[in-house]
Amino acid sequence: MPTITNHMPTAELQALDAAHHMHPFTQNAGLAKKGARIITRASGVTLTDSEGHEIIDAMAGLWCVNIGYGRKEMAAVAARQMEELPYYNTFFQTSHVPAIALANRIAELAPGDLNHVFFAGSGSEANDTNIRMVRHYWALKGKPEKSVIISRKNAYHGSSMGSGSLGGMAAMHAQGGMPIPDIVHIDQPNWYSEGGDQTPEDFGLERARQLEAKIKELGADRVAAFIGEPVQGAGGVIVPPATYWPEIQRICDKYGILLIADEVICGFGRTGNWFGSQTMGIRPHIMTIAKGLSSGYAPIGGSIVCDEVANTIAQDEFNHGYTYSGHPVCAAVALENLRIIEEEGIIDHVRDVAHPYLAESWHALGDHPLVGETKLVGLMGSLALSPDKARRAPFAAEAGTVGYIVRERCFANNLVMRHVGDRMIISPPLVITPAQIDTLIERATRAFDEAYAQVKAEGLMKAA
Ligand code: PXG
């Protein structure tokens, strides 16, 4: 076996990758034929691949590299922590300084009485914690039958059995026996695709009131919690109408249902505040966090829990935890990340500089013949593709056909932009500068023009 390094030819790396590496959310047989794109290094907002291309990463990895790539302080903190205490657990009545410090810092940053943190290794693990925690909370309150969690179709909450069940992705539920019992889904607040002739405001209210109808159908004595992303990310950056979240909050309050905000993408500056719940005006009992907590430099997630739930859970042994709950290296890296965000004013940069600057050219892309709607909250954006803007009509081709063409043209122009079906989405590092935004938009515009030519040439510019 040769030593495998960055310096090997791409084709050799691709062959070795195909031989032994199973990729997530990928048809691996197809990828093996095509060969994976191999990323060798990154700095700021720019990736370098094994062919030497310099690519703007408008997805911040998987929505996580909030402070940008290549921050040496992060590496230094990780090295120092590895030397001092590379690992110890937080089970069996022990603790360590990185976990203590990070929990205290998160409690300081989180709004209201969200003062307690249960650590996990990822967003999926944290949402599995949430399922067990809210059910156990109600059991301790003498209401063990309050076990149903209501979520939404097209939500993404992770990929484990629990979190994948909370999610509302039909393609995931079709594999491996999901959802687990007592998780139900209502419709998503996607006005663009599902709002018909209603105003966004009426539609937002109607979709929120599905929660009330579902609670009444099941009985409030059966419902433990509602979970939602403040802005749906993986579902296509779907921004709910302004009427939606206030109505969800009212309903949760009225029926005594716990509200879980999944902040895995929205948290830590993405929407222009520390948390998406602040941007959308909601008061959750629990927040799920991961990704931007460490800017992806180390795997760490968790649940931020309000006083009432945490104090109730504290009365019993909660038989739950992960080997890497509060991992000292990951916790130290996350703390350094939070220091950088705070001291460099990165959230002010999002709100006062990057968002307004990007908003102008992002919304201008709405004039492109392929684009039917533009949305941008902080630095998460979407463009809905349509062959007929006036009707917000989908393409006659299979969903995602045109989105994939646009994504391929973006890659060819050294820009990582994702497609979810026929929605194009971005979530760049929060430190992106106006000059880098100019380059991003220049490449996107070229990609959209090329894609449009191809879509027309292939006869795909037809509405369903
Ligand atoms: N909640 C939300 C809102 C997420 O976006 C998770 C939970 C799960 O986190 P972990 O750390 O277990 O992956 C996520 C993750 C995509 C994509 O294709 C999105 C995620 C993960 C992988 C791919 O957009 N989000």
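Reply: Let's start with G123: one of its backbone N or O atoms sits 3.0 Å from an oxygen atom of the ligand. S124 also reaches a ligand oxygen, with a polar side-chain atom 2.5 Å away. I'm calling a pair of N or O atoms within 3.5 Å a polar contact.

As for cover, the ligand taken alone exposes 540 Å², and the protein buries 84% of that (Shrake-Rupley areas, 1.4 Å probe). The elements giving two or more residues to the shell are α3 (60–63) and α6 (123–140), and α6 gives the most, with 3 residues. Helices here are DSSP runs of H or I, at least four residues, strands are E runs of at least two, and both are numbered from the N terminus.

In total, 16 residues surround the ligand, and the closest are W63, G123, S124, D262 and R418; a residue gets in if one of its heavy atoms lies within 4 Å. By class that shell has 6 nonpolar, 6 polar and 4 charged residues. Nonpolar covers Ala, Val, Leu, Ile, Met, Phe, Trp, Tyr, Cys and Pro, charged covers Asp, Glu, Lys and Arg, and the others, Gly among them, are polar.

A word on the source: this is a predicted model, where local features need pLDDT of at least 70 and side-chain atom pairs count only at pLDDT 80 or more, while totals for chains, interfaces and linings use all residues. Residues are numbered from 1 along each chain as its sequence is written, and side-chain values use heavy atoms, leaving out hydrogens and water.

Terms used:
A polar contact is a pair of N or O atoms within 3.5 Å; within protein, one must be able to donate a hydrogen and the other to accept it, and residues adjacent in sequence count only if both atoms are side-chain atoms.
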